[in-house]
Amino acid sequence: QLQLVESGGGLMQPGGSLNLSCVVSGSMSDYHTIGWFRRAPGKDREGVASIFTYDHSTHYADFVKGRFTSSRDSAKNIVFLQMNALRPENTALYYCAIARLPIARAAPLYKGGYGRWGQGTQVTVSS
């Protein structure tokens, strides 16, 4: 049974950076996808970024391209979301989730392909 725990959120000024961590307990293989999703006030949960564990290729939503980067520490089963140049509109509860690669490959930012979720970490961007 895989479990995921997010951390690293908090309050940050606009333009600042945060590094979110997703610690995976259990046997995460090289053929999974780790996704990052957000739920902003008044919005549905939406995809932010994802990383394929077999080749570390990544996908990003348009609203974070050039500012956010996902990476993986394979030895420690940790996936990161480095968030730079934060904006107030990035304020949301951020979740990580895991999917089997064959399910998530075609649509890596689609929440329906992910079966196990963490509880989220709050990111608030405000001056």
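Strand β4 (residues 32-39) runs antiparallel to strand β5 and is joined to it by six bridges, where strands are DSSP runs of E with at least two residues, numbered from the N terminus, and two strands pair if DSSP finds at least two bridges between them. This is a predicted model, in which local features need pLDDT of at least 70 and side-chain atom pairs count only at pLDDT 80 or more, while totals for chains, interfaces and linings use all residues. Residues are numbered from 1 along each chain as its sequence is written, and side-chain values use heavy atoms, with hydrogens and water left out.

Within this pairing, Arg-38 has Glu-46 in β5 as its bridge partner. The hairpin of β4 and β5 has six residues between the strands, and Gly-42 takes a positive phi near 75 degrees there.

On to the next pairing: β5 also pairs with strand β6 (residues 58-60), in the antiparallel sense and over three bridges, with Ile-51 standing opposite Thr-58 in β6. Five residues lie between the strands in the hairpin of β5 and β6, where His-56 takes a positive phi near 60 degrees. Six of the seven residues of β5 (residues 46-52) are buried, so this strand is largely enclosed by the rest of the structure; buried means under 20% relative accessible area, with a 1.4 Å probe and protein chains only.

A search of the whole structure finds one disulfide, a pair of cysteine sulfur atoms within 2.5 Å, and it joins Cys-22 to Cys-96 with an S to S distance of 2.1 Å. Because Cys-22 lies in strand β3 (residues 18-25) and Cys-96 in strand β9 (residues 92-100), the pair ties together parts that are 74 residues apart in sequence. Cys-22 counts as buried at 0% relative accessibility, and Cys-96 counts as buried at 0% as well.

How values were computed. Buried means under 20% relative accessible area, exposed over 50%, partly exposed in between (1.4 Å probe, protein chains only). Helices (H or I, at least four residues) and strands (E, at least two) are DSSP runs, numbered from the N terminus.
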